[in-house]
Amino acid sequence: MTTQQLLESPAYVVMSIVIWIPITVWIISMVHWAVSGEIDVLTAFLGVCTALGLGILAIVPPAPFCTPLASAAAFLTVLLYPYFRNMNEKRQLGALEVQGVEKAYEQLAFRPDNVGAKLKLAKLLWGRGLYGYAIAISEKTLRGLPENVFHEEFKMLTSWKNQFREKPTSLPCLDCGTQNDPGNLHCKRCGAPFLLYYARGAWLGPDLTKRVLNGWVAAMALIVGFPAAAMTLNRVLIIPAVIILGGAAGYFTYLAVKPSSTS
Ligand SMILES: [Zn+2]
């Protein structure tokens with residue numbers, strides 16, 4: 001079979017059409033993430049260009065192997081898509097909750113006996129599985145308060161106590177290392193809002209989405225860009241093309257593996 005016959009075979013025609021399904025999903029996602037600020041515009045732009053490049057490569061392949069390669073790359077991307085979405089949702093939820101903790105601490109700095117802020121903090125901690133802390137904080141906060149006024153809150157505390165009977169473990173302060181008993185809002189030694197630091201560290205987690213995305217762009221530049229450039233460009237153009245592709249792949253690999261900044 002000649003190359004021409006191979007490219008006109010049904011399998012190749014189907015591949016070059018079907019590839020536009022994952023490519024469309026991918027482009028819409030890229031634009032959406034760029035608009036919502038989850039990825040920067042340059043990453044989104046290069047991602048869209050890569051997706052379009054994959055589609056064109058599948059339709060007019062410089063060599064027969066480019067069509068299945070481009071299809072595989074596009075479908076692999078779509079398989080990763082639910083993972084991206086899930087990671088992003090978890091992170092956004094975590095970020096919202098951390099904001100809630102920040103706000104509670106701000107209100108407490110303004111008025112240390114703010115019952116609402118303390119109970120809000122306790123609820124956030126309960127939602128994240130810090131049961132002992134949630135119980136200790138609300139117990140301390142509600143002590144001496146009239147039960148008929150804080151009826152709902154007392155009911156919540158009783159229900160929490162029924163669900164969690166273990167002895168809570170203490171958390172270390174990230175500033176000075178002192179172990180703090182549940183119920184404390186600030187470190188007993190240095191006064192740091194240690195639960196806020198804990199929430200920032202444990203609820204947000206590493207930003208894996210951006211890393212996977214950058215790693216993907218780097219891989220695409222190498223897998224698709226090099227063969228495409230090698231087969232379509234003449235000898236004069238190939239050198240700058242390889243330098244640009246190599247540079248882009250290097251840059252995105254760096255973004256994928258660089259140590260995360262701590263704030
Ligand atoms: Zn401390």
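This is a predicted model: local features need pLDDT of at least 70, side-chain atom pairs count only at pLDDT 80 or more; totals for chains, interfaces and linings use all residues.

Mentor: The crossing of α10 and α11 is left-handed. Helix α10 spans residues 208–232 and helix α11 spans residues 235–257; their axes lie 7 Å apart, and the two helices pack at an angle of about 165°. With such an angle, α10 is therefore roughly antiparallel to α11.

From α10 come Arg-211, Asn-214, Gly-215, Val-217, Ala-218, Ala-221, Leu-222, Gly-225, Phe-226, Ala-229 and Ala-230. On the side of α11, they meet Ile-238, Ala-241, Val-242, Leu-245, Ala-248, Ala-249, Phe-252, Thr-253, Leu-255 and Ala-256. Sorted by class, the residues of this contact comprise 16 nonpolar, four polar and one charged.

Met-87 belongs to helix α5. In sequence, Met-87 and Leu-208 are separated by 121 residues, yet their C-alpha atoms are 7.5 Å apart in space. When neighbours within four places in sequence are left aside, Met-87 is in contact with Leu-208 and Thr-209. Because 17 other C-beta atoms lie within 10 Å, Met-87 is classed as partly exposed.

Helix α5 also packs against helix α4, which covers residues 41–59; the axes of α4 and α5 come within 8 Å and cross at roughly 150°. Helix α4 is therefore roughly antiparallel to α5, and the crossing of α4 and α5 is left-handed. On α4 the contact is made by Leu-54, Leu-57 and Ala-58, and on α5 by Cys-66, Thr-67, Ala-70, Ser-71, Ala-73 and Ala-74. This contact of α4 with α5 has seven nonpolar and two polar residues, and no charged ones.

Next comes helix α9, residues 194–204, in which Phe-194, Leu-195, Tyr-198 and Ala-199 are buried. Viewed down the axis of α9, these buried residues fall within an arc of 135°, so they line one face of the helix. Their cover includes α5 (66–110), together with the strands β1 (171–172) and β2 (179–180).

Strand β2 is where Gln-179 is found. Gln-179 counts as exposed because it has 12 C-beta neighbours inside 10 Å. Not counting residues up to four places away in sequence, Gln-179 touches Ser-170 and Pro-172. From Thr-169, Gln-179 is 10 residues away in sequence and 9.5 Å away in space, C-alpha to C-alpha.

One further pair of helices remains to be described. Helix α7 (residues 131–142) and helix α8 (residues 151–163) have axes that come within 10 Å and cross at roughly 145°. The crossing of α7 and α8 is left-handed. In this contact, Tyr-131, Ala-134, Ile-135, Ser-138, Glu-139 and Leu-142 of α7 meet Glu-153, Phe-154, Leu-157, Trp-160 and Lys-161 of α8. The classes here are seven nonpolar, one polar and three charged residues.

Technical notes:
Residues are numbered from 1 along each chain as its sequence is written. Axes are lines fitted to C-alpha atoms, for helices over the stretch in contact, and angles run from 0 to 180 degrees between N-to-C directions. Helices (H or I, at least four residues) and strands (E, at least two) are DSSP runs, numbered from the N terminus. Angles under 35 degrees count as roughly parallel, over 145 as roughly antiparallel, 65 to 115 as roughly perpendicular and the rest as oblique. A crossing is left-handed if the near helix is turned anticlockwise from the far one by less than a right angle, and right-handed if clockwise. Two residues are in contact if their C-beta atoms, placed from the backbone, lie within 7 Å. Ala, Val, Leu, Ile, Met, Phe, Trp, Tyr, Cys and Pro count as nonpolar, Asp, Glu, Lys and Arg as charged, and the others, Gly among them, as polar. A residue is buried if 20 or more other C-beta atoms lie within 10 Å of its own, exposed if 12 or fewer, and partly exposed in between; C-beta atoms are placed from the backbone. The arc is that of the directions from the helix axis to the C-beta atoms.
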